[in-house]
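Trainee: I have a new model open and would like to learn how to read it. Could you take me through it?

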Amino acid sequence: MNELELTREIVKVLDKKKAIDIKALHITELSIVADYFVIASGTSNTHVKSLADEVEYEMSQKGIEPAHVEGKATGWILLDYGSVIVHVFTGESREFYNLERLWSDAEEVDISDIADNRD
C-alpha cells in the first residue's frame, strides 16, 4: 500500500466512525516529517480516543502498525505511520493548534469521494 492509499484508508476509517471535518494534506514538498497529514475532529475526548483506537485497530488488521502514538489522555492524539501522520483533535484543541493554518501551503487531497466531511 502506497502513502496515498494509506491516507485514503485512514480517511475511510475516520469517516465510518463519524469524525468531523476530515482533511488530508499532501506535505511532501514542505516537510521531511511525512508525506501526508490526516486531520480530523471528534465531538468529545471519548470520541477522539475512539477514532484513534479505530484507526489503529483497522490498520493493524491490514498489518500496518504505527511507529509512535502520542496524546492518548489529551485532546490531541497523534498516530505516526511514517509517511502518514494522523492528528485527531477535540474541536477546541483543533481550533487552538490550527494545523491547517500552519500547513496552509500544503496541497489538500480530494477525499470527497470517501468522506462525508460533516461539520
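Mentor: We will go from the whole chain to its helices, its cores and a few single residues.

Mentor: First, some ground rules: this is a predicted model, in which local features need pLDDT of at least 70 and side-chain atom pairs count only at pLDDT 80 or more, while totals for chains, interfaces and linings use all residues. Residues are numbered from 1 along each chain as its sequence is written, and side-chain values use heavy atoms, with hydrogens and water left out.

Trainee: How many helices and strands does the chain have?

Mentor: Helices (H or I, at least four residues) and strands (E, at least two) are DSSP runs, numbered from the N terminus. Here there are 4 helices and 6 strands, and along the sequence they come in the order α-β-β-α-β-β-β-α-α-β. The radius of gyration of the chain is 13 Å, close to the 14 Å from the globule rule for 119 residues, so the chain is as compact as a globular protein of that length. That radius is taken over C-alpha atoms, and the rule is 2.2 Å times the number of residues to the power 0.38.

Trainee: What share of the residues is buried?

Mentor: Buried means under 20% relative accessible area, exposed over 50%, and partly exposed in between (1.4 Å probe, protein chains only). In this chain, buried residues make up 47% of the 119 residues.

Trainee: And how do I read the contacts?

Mentor: A contact means heavy atoms within 4.5 Å. Among contacts between residues at least 6 apart in sequence, 63% join residues at least 24 apart.

Trainee: Now the helices. What span should I expect for α1?

Mentor: The expected span of a helix is 1.5 Å times one less than its number of residues. For the 14 residues of α1 that gives 20 Å, and its end C-alpha atoms are 20 Å apart, which agrees. Helix α2, residues 45-61, has 17 residues and reaches 24 Å from its first C-alpha to its last, close to the 24 Å expected.

Trainee: Which residues of α2 are buried?

Mentor: They are H47, V48, L51, A52, E54, V55, E58 and M59. Seen down the axis of α2, these buried residues fall within an arc of 155°, so they line one face of the helix. The arc is that of the directions from the helix axis to the C-beta atoms. As a general idea, an α-helix has 3.6 residues a turn, so residues three or four places apart point the same way. On the face of α2 turned away from its buried side sit the exposed residues T46 and Q61.

Trainee: What do the buried residues of α2 pack against?

Mentor: Their partners are α1 (3-16), β2 (36-42), β4 (76-80) and β5 (84-90). In α1, the buried residues are L6, T7, E9, I10, V11, V13, L14 and D15, and these pack against β1, β2, α2 and β5. Just after α2, G63 takes a positive phi of about 80°.

Trainee: What is a nonpolar core, and which residues have the most contacts inside the largest one?

Mentor: A nonpolar core is a set of buried Ala, Val, Leu, Ile, Met, Phe, Trp, Tyr and Cys residues joined through side-chain atoms within 4.5 Å. The largest has 27 residues, and those with the most contacts inside it are I10, L14, I22, Y81 and V86. At least two residues of this core come from each of α1, β1 (20-26), β2, α2, β4 and β5. Apart from it lies another core, of 11 residues, among them L25, I27, A34 and I39.

Trainee: Where is I27, and is it buried or exposed?

Mentor: I27 is in the loop between β1 and β2 and is buried, with a relative accessible area of 0%. Leaving aside neighbours within four places in sequence, I27 is in contact with A34, D35, Y36, F37, W103 and A106. The C-alpha atoms of I27 and E108 are 81 residues apart along the chain and separated by 8.9 Å.

Trainee: Is M1 buried or exposed?

Mentor: M1 is exposed, with a relative accessible area of 56%, and lies in the segment before α1. Not counting residues up to four places away in sequence, M1 touches L6, E9, K62 and I64.
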